[in-house]
Structure formats: C-alpha cells, structure tokens
Amino acid sequence: MPPKTRKRRWTDHFPIEGPARHALDSIMIIIGAFITATAFNLFMVPAHIASGGVSGLSIIVQNQLHIEPAYTQWALNIPLFIAGFFILGRNYAIRSLLGTIVLPLFVFVTKDWSVPTTDPLLASLYGGIGVGLGLGIVFRGRGSTGGLATLAQIVQKFSGLNLSLCVMLMDGTVIILAGFLLSPEKALYALIGLYITGKVIDMVELGLNYTKVAYIIAEKNDEISEAILTTLDRGLTKLSGQGGYTGDDRQVLMAVVGQSEVTRLKKLVQTIEPTAFVIITNAHEVLGEGFKRT
C-alpha cells in the first residue's frame with residue numbers, strides 16, 4: 001500500500017520554475033526584507049547591536065560617522081552585487097538583486113518608527129528573532145539580501161573554505177570591530193542576536209514539525225513491515241546490513257513517520273517482537289510523497 005497521501009498545500013499550486021512561483025518568490029523576498037528592516041530599526045539600531053553583516057557595519061558607521069545605515073548599506077551592497085555578478089555569475093545576481101535593493105530602502109523608510117525598548121538584552125533577543133524571521137522568509141523565497149554573504153561566497157570560491165566558515169569569519173570580524181569601536185559589552189549582546197537569528201532562520205526554513213526516521217533490526221521483518229504498511233499506512237525501505245560481531249547478513253527496516261506516529265510505531269514493533277532493536281532519530285526535512293514538497 002502506498003504512503004498516506006497528504007492534503008495539497010497552497011504552495012503546491014505554484015510550479016517551481018513557473019511565472020507564478022517567481023512572483024510568489026518576489027513577494028516573499030519583499031515581505032522578508034520589510035520584516036528584517038523593521039526589526040533592525042526597532043531593536044538593533046537603538047541599542048547599537050551590530051550582530052554581523054553589512055547591517056552590523058552600518059550601525060558601527062552610524063555610531064562613528066553619523067551616516068544613516070541605509071546609505072551605508074546601499075554603498076556597500078551595490079559594489080558587492082556587481083562583484084557577485086561578475087565572479088559568482090548571472091544566476092546568483094538575479095537571486096540577490098531584489099533583496100539588495102529593497103532591504104536598505106525599507107531600512108530608510110522605517111528609520112523613524114517608535115522604538116519599543118533600548119534595553120540591549122531585549123533588543124538582541126527580539127531583534128535576533130525579527131531579523132531571523134525576515135531573512136528566513138527571504139531564503140524561502142529563494143532570494144538573498146546580498147551584503148557580506150556575497151563576499152563570503154566570493155572568498156569561498158577562491159579559497160576553497162567551507163561557506164559557513166566564511167560567513168562566520170565575516171560576521172565575527174564585524175562583531176570584533178563592534179567590540180573595539182562600540183564596547184565589549186555590545187559585542188557580547190551582538191553574539192546573542194546573531195545566535196538567535198541563526199536559530200530562527202533554521203526554524204523558518206525547516207519548520208517546527210520534525211519528522212522521525214526509525215531504523216528497525218528484528219527477526220520478524222516481514223510481520224513488522226506488514227504492520228507499518230497497513231496499520232501505520234507508511235512506506236518503508238529495506239536496507240542490507242551485516243552484524244558487526246557475528247558477520248551475519250541482516251535486514252534493516254527504515255521508516256519515516258510523523259512526530260505523532262512514533263508511539264504507535266514503537267508499540268507495533270514491541271507487540272510483534274519485544275526484543276527488536278529500534279533506533280529513532282530526527283529528520284529536519286523530508287521531501288516526497290506523503291510529506292512536504294518543495
């Protein structure tokens with residue numbers, strides 16, 4: 001029996017390379033950039049939290065030279081965009097063009113909005129959440145806001161370093177500068193904001209509904225397989241394995257289930273074979289029939 005067919009989501013009506021999907025991506029980039037800019041102006045700027053990237057640099061520049069952050073972001077983003085176009089290619093430039101333009105624009109538009117708090121801890125927490133939410137939506141729209149992320153990819157191309165390491169080096173440099181030019185305390189708050197931002201981006205991109213992967217090693221494989229297929233209405237895969245101690249060939253069952261189905265799966269296996277060996281682990285994202293699509 002095939003896996004349970006899930007209800008179609010609204011995003012399933014947008015082919016991944018169709019004009020409607022491109023329009024949806026553009027809307028998501030604009031919404032994400034607006035949320036990012038709002039969180040930046042309401043929390044990060046008033047508390048001088050420079051948590052990495054061109055946005056963080058613009059806060060340092062504002063503090064030292066009294067230049068509006070939006071102007072600094074445009075001044076840095078445009079040359080980086082041009083460099084990205086020639087070095088990283090046309091496709092990258094297209095994906096980052098909209099975000100590169102509208103993020104500083106929204107930063108400029110929202111710069112005079114009322115500030116809810118200047119407490120650095122609250123600002124780093126709520127600012128990190130807002131910036132992470134906005135950037136996560138931009139990334140879900142297959143876009144980018146350019147900035148030091150572009151520079152990190154250029155460095156990666158020529159150095160061969162891991163991209164995440166390059167991004168960390170860029171953000172770390174900004175935070176170190178904040179420590180010297182603003183204050184060491186501000187740099188520590190910036191680290192909190194950067195950490196929260198990363199976690200929220202992961203949440204937006206991967207979702208909160210963690211799926212589970214179960215590996216089952218048992219003698220009664222056929223009975224367990226039948227129970228998973230019929231009772232749970234889930235598919236499974238039979239993997240070939242070998243006992244490390246005995247050297248005997250063994251069959252390993254792999255099944256992907258939802259969070260709410262884990263208890264039922266364990267009870268099914270225990271009922272059929274109480275001594276079966278079961279390993280259950282998180283799967284942050286599962287794409288395919290019965291689960292999430294692109």
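Me: I'm looking at helix H9. What do its buried residues pack against?
Reply: The buried residues of H9 pack against strand S1 (211-217), strand S2 (236-242), strand S3 (249-257) and helix H10 (262-272). Keep in mind that this is a predicted model.

Me: Ok, and which residues of H9 are buried?
Reply: H9 covers residues 221-230, and the buried ones are Asn221, Ile224, Ser225, Ala227 and Ile228.

Me: Where do they sit around the helix?
Reply: Look down the axis of H9: its buried residues fall within an arc of 160°, so they line one face of the helix.

Me: Why would residues a few places apart point the same way?
Reply: An α-helix has 3.6 residues a turn, so residues three or four places apart point the same way.

Me: Now the strands. What order do they take in the sheet?
Reply: The order is S2-S3-S1-S4, in an open sheet of 4 strands with antiparallel pairing. S2 and strand S4 (277-283) are the edge strands, and each of them pairs on one side only. From one strand to the next, the twist averages 25°.

Me: How many bridges join S2 to S3?
Reply: There are 7 bridges joining S2 to S3, and the two strands run antiparallel. Two pairs you can look for: Gly241 has Arg250 in S3 as its bridge partner, and Gln242 has Asp249 in S3.

Me: What about the hairpin of S2 and S3, how many residues are between the strands?
Reply: That hairpin has 6 residues between the strands, and Gly247 takes a positive phi near 80° there.

Me: And which strands does H10 touch?
Reply: H10 packs on the sheet and touches S1, S3 and S4. The direction of H10 makes about 10° with that of S1.

Me: Let's zoom out. How many helices and strands does the protein have?
Reply: The protein has 10 helices and 4 strands. Starting from the N terminus, the elements go α-α-α-α-α-α-α-α-β-α-β-β-α-β.

Me: How much of the protein is buried?
Reply: Buried residues account for 42% of the 294 residues. The accessible surface of the protein is about 15900 Å², and 64% of that belongs to carbon and sulfur atoms.

Me: What share of the contacts join residues at least 24 apart?
Reply: That share is 75%, among contacts between residues at least 6 apart in sequence.

Me: Where does UniProt place the "transmembrane region" feature?
Reply: The UniProt record, an unreviewed entry, puts that feature at residues 27-50, 70-87, 92-109, 121-139, 160-182 and 188-208.

Me: What does the model show over residues 27-50?
Reply: Residues 27-50 are 88% helix and 0% strand, and the end C-alpha atoms lie 27 Å apart. Residues 70-87 are 100% helix and 0% strand, with 25 Å between the end C-alpha atoms.

Me: Where is His48, and is it buried, exposed or partly exposed?
Reply: His48 is in the loop between helix H1 (19-47) and helix H2 (53-65). With 27% relative accessibility, His48 counts as partly exposed.

Me: And His66, what's its phi?
Reply: The phi of His66 is positive, about 60°, and His66 is not a glycine. You'll find His66 in the loop between H2 and helix H3 (69-87). His66 is exposed, with a relative accessible area of 69%.

Me: Back to helices. Which one holds Ile175?
Reply: Ile175 is in helix H7, residues 163-181. At 7% relative accessibility, Ile175 counts as buried.

Me: What does Ile175 touch?
Reply: Leaving out residues up to four places away in sequence, Ile175 touches Ala50, Ser51, Gly52, Ala187, Ala190, Leu191 and Leu194. Ile175 and Leu191 are 16 residues apart in sequence, and their C-alpha atoms are 7.5 Å apart in space.

Me: Last one: where is Leu121, and which residues does it touch?
Reply: Leu121 is in helix H5, residues 120-140, and counts as partly exposed at 38% relative accessibility. Not counting residues up to four places away in sequence, Leu121 touches Tyr189 and Ile192. Leu121 and Tyr189 are 68 residues apart along the chain, with 6.5 Å between their C-alpha atoms.

How values were computed. Residues are numbered from 1 along each chain as its sequence is written. This is a predicted model: local features need pLDDT of at least 70, side-chain atom pairs count only at pLDDT 80 or more; totals for chains, interfaces and linings use all residues. Side-chain values use heavy atoms; hydrogens and water are left out. UniProt positions are given in the numbering used here, feature names are shortened, and annotations may be inferred rather than shown by experiment. Buried means under 20% relative accessible area, exposed over 50%, partly exposed in between (1.4 Å probe, protein chains only). Contact means heavy atoms within 4.5 Å. Accessible areas come from the Shrake-Rupley method with a 1.4 Å probe; for residues, only the protein chains shown count as cover. The arc is that of the directions from the helix axis to the C-beta atoms. Two strands pair if DSSP finds at least two bridges between them. Axes are lines fitted to C-alpha atoms, for helices over the stretch in contact, and angles run from 0 to 180 degrees between N-to-C directions.
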